[in-house]
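Open the model in your viewer and keep the selection tool at hand. The tour goes stop by stop.

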Amino acid sequence: IDGTLDEDMLRDIEQAANEVVAANLAVRAEYPAPEVLKGLSYRAKLDLTENVRIVTVEGVDACACCAPHVTRTGEIGMIKLISAMRYKGGTRIHMKCGFDALDEFNAEYARAVAISNRISLPREAIAEGVDKLWEDLAAANFRIVGLKRELIALKADAAKKTDGNLVFIEKNMDTNELRMLVSAAADKAGGACAAFSEDGEGCYSFVVMVHGGDFEAWRRALCDRLNARGGGKAPFLQGKASCTEERIREFFGV
């Protein structure tokens, strides 16, 4: 559809289309003579002057079209707009009709029942129920982030100071958390401070904070000896490594 349509417009279009279906209007397809065609008002293919097939729903629409059509609008069945998105300055609409629309409704109904059963609320209240669950989840995640920060601070404080490299081998830490850990513990290390988190057997995410030395040499060494991939900007190297914990500890000399 040329131009953009908001939700209210889409609902109005859907309602109007279904009213035409319910009216079971006749659909007429014909090839008007050129002199008749000149006096007609219809949509599309206005540049054609002969052999133009005009499909008319009396009092509703007339367009030039060569595709198959029903003989009466009631044959279409219910029309349901499924989705609409902006596309090249216009609106692309996806819809279903007839038994396809019924199948769509049945699938949506089954999903609504499943959600209703899962959250122990009637179907008419599931939207509010999901909103509440989302709010609870956001609050829980906020608390988890706070607890993780506290745990990272405790791990950093508990680390023993060393003149050499300092390495943490952790589980279930993302790259941001690994970076927080090495930053918090950096003053405990005379050399590099590194944190690795096991993502799966033999696979680790890592962040290494390099104190002085050749930053690029550290990156190459990690790639060569720990089968690492990644990069970063001094003083932080980060990425993924495919190796064992023993290889990590051997590499850093801890």
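Is Gly 146 buried, partly exposed or exposed? Select Gly 146: at a relative accessible area of 26%, Gly 146 is partly exposed. The cut-offs are under 20% relative accessible area for buried and over 50% for exposed, with partly exposed in between (1.4 Å probe, protein chains only). Gly 146 sits in helix H4, residues 126-158. Helices (H or I, at least four residues) and strands (E, at least two) are DSSP runs, numbered from the N terminus.

Some ground rules before moving on. This is a predicted model, in which local features need pLDDT of at least 70 and side-chain atom pairs count only at pLDDT 80 or more, while totals for chains, interfaces and linings use all residues. Residues are numbered from 1 along each chain as its sequence is written, and side-chain values use heavy atoms, with hydrogens and water left out.

**The whole chain**

Zoom out. The protein chain carries seven helices and ten strands. Its radius of gyration is 33 Å, well over the 18 Å that the globule rule gives for 254 residues, so the chain is more spread out than a compact globule. That radius is taken over C-alpha atoms, and the rule is 2.2 Å times the number of residues to the power 0.38. Along its principal axes, the C-alpha trace spans about 95 × 50 × 30 Å. Of the 254 residues, 28% are buried. Color by contact range next: among contacts with a separation of 6 or more, 51% join residues 24 or more positions apart. Contact means heavy atoms within 4.5 Å.

**The largest pocket**

Select Ala 17, Arg 43, Asp 61, Ile 76 and Ile 79. Of the 25 residues that line the largest pocket, these lie nearest its centre. A pocket, on a 1 Å grid over the protein atoms alone, is an open set of points with protein on both sides within 12 Å along at least five of seven lines; a cavity is a set where a 1.4 Å probe fits but cannot get out; lining residues have an atom within 4 Å of a point. The pocket's volume is about 820 Å³. Volume here is the space filled by probe spheres set on the points, with points joined across faces, edges and corners.

H1 gives the largest share, five residues. The lining has 21 nonpolar, two polar and two charged residues. Ala, Val, Leu, Ile, Met, Phe, Trp, Tyr, Cys and Pro count as nonpolar, Asp, Glu, Lys and Arg as charged, and the others, Gly among them, as polar.

Stay on H1 and pick Glu 14. Glu 14 is buried, at 10% relative accessibility. Beyond its neighbours within four places in sequence, Glu 14 contacts Ile 79, Lys 80 and Leu 81.

Move to Thr 56 in strand S2. Thr 56 also counts as buried, at 10% relative accessibility. Its contacts, leaving aside neighbours within four places in sequence, are Ala 26, Val 27, Arg 28, Asp 61 and Ala 62.

**The cavity**

How many cavities of 30 Å³ or more does the structure hold? One. The largest cavity has a volume of about 40 Å³. Helix H6 (215-226), strand S9 (228-233) and strand S10 (236-242) each give two or more residues to its lining. S9 has the largest share, four residues. Select the lining, including Phe 206, Arg 219, Cys 223 and Gln 238. By class, the lining has five nonpolar, three polar and two charged residues.

**Loops to check**

Go to His 211, in the loop between strand S8 (203-209) and H6. His 211 is partly exposed, at 37% relative accessible area. Gly 191 is 20 residues away in sequence, yet 5.9 Å from His 211, C-alpha to C-alpha.

Next, Pro 235, in the loop between S9 and S10. The peptide bond from Ala 234 to Pro 235 is cis, with omega near 10°.

Finish with two backbone angles. Ser 120, in the loop between H3 (98-119) and H4, has a positive phi of about 55° although not a glycine. Asn 172, in the loop between S6 (166-171) and H5 (175-185), has a positive phi of about 60°. Ser 120 is exposed, at 64% relative accessible area. Asn 172 is exposed, at 67%.
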